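User: Could you take a close look at the aromatic side chains in this model and walk me through how they are arranged?

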Amino acid sequence: MSERCDLLLYVQHLLGIGHFKRAALIAREAARAGLKVTVATGGLPVPDADFGGARVVQLEPALRTKDQAFSALVLEDGSQLGEQEKARRTQQLLSLFQAEQPAVLLTEMFPFGRRQMRFELLPLLQAAKAAAWRPKIVSSVRDILTTLKQPGKIAWIVETADHFYDCVLVHGDPALIPFERTFPEITAIGAEIRYTGYIVDSKIPPRAALAKGEFLISTGGGAVAEPLVRAVLEAYPLSPYRDRLWRVLIGYNLPDERFQALAAEAPGGVLIERSRPDFLTLLSKAALSISQAGYNTSLEVLAAGVPAVVVPFAAGGESEQTLRARLLADAGRLVLAEEAGLTGARLNDAIERAFALSTTAGREQGLRVGRAPVSLDGAAETARQLAALAGREVREGEGC
């Protein structure tokens, strides 16, 4: 048998890539801290993913959601997920668990989200709880949960977390958003609740003071990019900032034919590209960021100190991005533009408000609630906490 690993991390992204990116950052920092890390990822492959020194295992077949309402799981080609594919993935996970014998098993979002994956995760958790070496079982969850509307779902989450989990790592700061703001039932769970601070990529370069920097429009994984991109295409000819390049980045989850159609509509001053590995460098040099309000992008924008407009994804009853955007807008760090009814004129108005707001915002100021700084050191702190759970010490001089 090969050497046991310290951490087995499970992540499944279905629509966007925010969960995947956060898990990649955790894995990378844990590996930098000296832990032996294996990642089981079950979504569609993401180009240019950086897991650092972690080993990455792709579960087969890769799965995605059928639509924005998360109505069903499907294979990459859109065909239905069947019992045979479920059994295949479950066996892959169980075999990987037995081969790695991890000191810590971490499930990203589950059981607070990703309930669609319980066909493979409940057998994994049962195996972990029964294992002779009994790993620590940990849930990794963002600061805000989407509003839970299904009857019985909250009770199921509490029961599952209480039965299997030793610890819940909340990647946020209670000074800004206490986890109980969107999940008050957390007090009913016996597992230890630990806040790590916000997870932000440490690769963000220092802010470049460029008076004529470009406008950077980013759409995450791209699956729900079109409403924002069409508002940008409508705003550009009406804008006084047509002397700047408007660069639009669209992830690979938007099908190529729709990507090509949007690119063909773009006027000369708007460049539509696929997502790029140098996004953080582009962000540090941008005059303005326009994006959705997912966890990763929102925090990267704040850490970069760039003037920002966010358009939260709100289709299908999604509430997470809107709540985060409102709280950050109330803190004076960005401008919120609602997705519903967004027009070019409204987007241009939001751009002007973002420039007016940006006179005092910046990297040096940091994110604060009143006088209290909000922790943006979540990746390194998560690595430290996972090392402690694994019975290991962070190697001196490593980590962030």
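Analyst: Happy to! Buried here means under 20% relative accessible area, exposed means over 50%, and partly exposed lies in between (1.4 Å probe, protein chains only). This is a predicted model, in which local features need pLDDT of at least 70 and side-chain atom pairs count only at pLDDT 80 or more, while totals for chains, interfaces and linings use all residues. Residues are numbered from 1 along each chain as its sequence is written, and side-chain values use heavy atoms, with hydrogens and water left out.

Searching the whole structure gives twelve aromatic pairs; rings of Phe, Tyr and Trp (its six-membered ring) pair if their centres lie within 6.5 Å, and planes under 30 degrees apart count as stacked, over 60 as edge-to-face and the rest as tilted. One of them is the tilted pair of F179 and F183, with 6.1 Å centre to centre and 40° between the planes. F179 is buried at a relative accessible area of 1%, and F183 is buried at 0%.

Another tilted pair joins F215 and F355, at 5.9 Å centre to centre and 50° between the planes. This pair links distant parts of the chain, 140 residues apart: F215 belongs to strand β10 (residues 215-218) and F355 to helix α10 (residues 344-357). Helices (H or I, at least four residues) and strands (E, at least two) are DSSP runs, numbered from the N terminus.

The charged end of R22 sits over the ring of Y295, 4.7 Å from its centre, and K129 lies over the face of F164, 5.8 Å from the ring centre. For such a contact, NZ of Lys or CZ of Arg must be within 6 Å of the ring centre and within 35 degrees of the ring normal.
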